[in-house]
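Q: I'm new to reading structures, and I'd like a close look at one part of this one. Could you walk me through how a pair of packed helices sits together, and what lies around the pair?

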Amino acid sequence: MNEEAAREGEGSPVLIWITALALLAAMVAIFIYVPTEKTEGAVQRIMYFHIPSAWVSFLAFFVVFLSSILFLWKKEREWDIYAHASAEVGVLFCTLVLITGPIWARPIWGAWWVWDARLTLTLVLWLIYVAYLMLRAQTDAGSMRARYAAVLGIAGFLDIPLIHFSVLWWRAFHPLPKVITSEGLGKGMDPAMLATLFISLGAFTCLYFALMGQRVNLEKLRDDIDRLKKDALDSD
Amino acid sequence: MDHLGYLFAANAFVWGGVLYYLLMLRKRSQALKKDLDLLKDILDKGPAK
């Protein structure tokens with residue numbers, strides 16, 4: 001059953017097509033539709049990759065958090081698979097945040113990196129989930145590994161509210177939130193820029209689900225192999 | 001003031017990163033499928049005598 005799901009799932013052609021079309025729409029919006037920002041110039045367009053990458057990494061780590069709680073509660077392997085897959089995709093997007101941020105910062109702030117609260121906490125978040133993946137890779141498979149990983153997955157998520165509020169709580173280099181503000185959603189932003197940002201956020205969210213589907217199938221395939229190996233040993 | 005090189009670099013890193021991850025997933029998936037087919041063959045033939 002799992003094997004069938006994995007082989008079929010490699011398709012999910014509808015999701016793959018939706019993702020491809022959404023990414024194409026995002027590229028058109030970013031490079032053709034949206035006007036160039038007056039102060040920063042074309043380099044400001046990095047925002048349409050940087051913010052969606054951050055959003056997807058937060059979403060991915062939220063899925064790790066939720067799946068880890070459900071795994072500890074229900075002890076079902078399925079939740080451990082979701083947590084592991086989502087952590088890997090989350091680390092990928094968090095890496096992209098940590099790369100695109102400095103590339104954007106260099107021409108605007110004159111420095112690749114500053115030890116600002118938001119930047120530092122984002123680096124800490126990345127380190128936590130890299131440690132999560134290393135824990136999974138370096139320890140033997142089994143329920144104890146899954147439990148330790150689940151605890152780390154839950155604890156790591158606590159960094160995300162700190163990242164969000166850090167620019168409000170401490171003096172920061174990083175700009176204040178422009179999308180979710182106390183005055184409302186996207187108030188003070190140019191409507192075309194806001195629309196482009198939302199198109200990009202949607203496209204990156206589709207990309208997250210497409211990558212998650214592939215990664216989950218991979219893990220299920222690995223489970224099938226382990227099961228067959230066990231059957232082969234039992235039959236000897 | 002446009003700094004197009006920075007925009008290009010950020011764009012290249014994002015798509016390069018995603019493509020690299022997709023290729024890595026495909027490679028891992030192919031290796032696992034190969035293992036699975038091999039195991040199935042072994043099990044179909046029965047235990048070695």
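A: Let's start with the order of the elements: from the N terminus on, chain A goes α-α-α-α-α-α-α-β-β-α. That comes to eight helices and two strands. Keep in mind that this is a predicted model. The C-alpha atoms of chain A fill a box of roughly 75 × 40 × 30 Å along the principal axes, and 39% of its 236 residues are buried. If you take the contacts in chain A with a separation of 6 or more, 79% of them are between residues 24 or more positions apart.

Now zoom in on the pair. H3(A) covers residues 47-74, and H4(A) covers residues 77-109. With its 33 residues, H4(A) reaches 46 Å from its first C-alpha to its last, close to the 48 Å expected at 1.5 Å a residue.

How do the two sit together? Two packed helices are described by the angle between their axes and the distance between the axes. For H3(A) and H4(A), the angle is about 155 degrees and the axes are 7 Å apart. An angle over 145 degrees counts as roughly antiparallel, so that is what H3(A) and H4(A) are to each other. Their crossing is left-handed. Sorted by class, the residues in this contact are 19 nonpolar, nine polar and two charged.

Next, look at the loop between H3 and H4 of chain A, where you'll find Lys75(A). Its phi is near 60 degrees, a positive value in a residue other than glycine. That's worth a second glance, as most residues other than glycine have a negative phi. Is Lys75(A) buried or exposed? Lys75(A) has 12 other C-beta atoms within 10 Å, so it is exposed. At the other end of the story, just after H4(A), Gly110(A) also takes a positive phi, of about 85 degrees.

Finally, step back to see the partner chain. Chain B has one helix and zero strands, and its C-alpha atoms fill a box of roughly 75 × 10 × 5 Å along the principal axes. Of its 49 residues, 8% count as buried. Where chain B meets chain A, the contact takes 25 residues from chain B and 31 residues from chain A. On the chain B side, those residues divide into 17 nonpolar, four polar and four charged.

Definitions and conventions: Residues numbered from 1 in each chain as written. Chains lettered and ligands numbered in written order. Predicted model: local features only at pLDDT ≥ 70, side-chain atom pairs only at ≥ 80, totals over all residues. Contact = placed C-beta atoms within 7 Å. Nonpolar A, V, L, I, M, F, W, Y, C, P; charged D, E, K, R; others polar. Helix = DSSP H or I, 4+ residues; strand = E, 2+ residues; numbered from the N terminus. Expected span 1.5 Å × (residues − 1). Axes fitted to C-alpha atoms, helices over the stretch in contact; angles between N-to-C directions. Parallel < 35°, antiparallel > 145°, perpendicular 65-115°, else oblique. Left-handed = near helix turned anticlockwise from the far one by under 90°. Buried ≥ 20, exposed ≤ 12 C-beta atoms within 10 Å, placed from the backbone.
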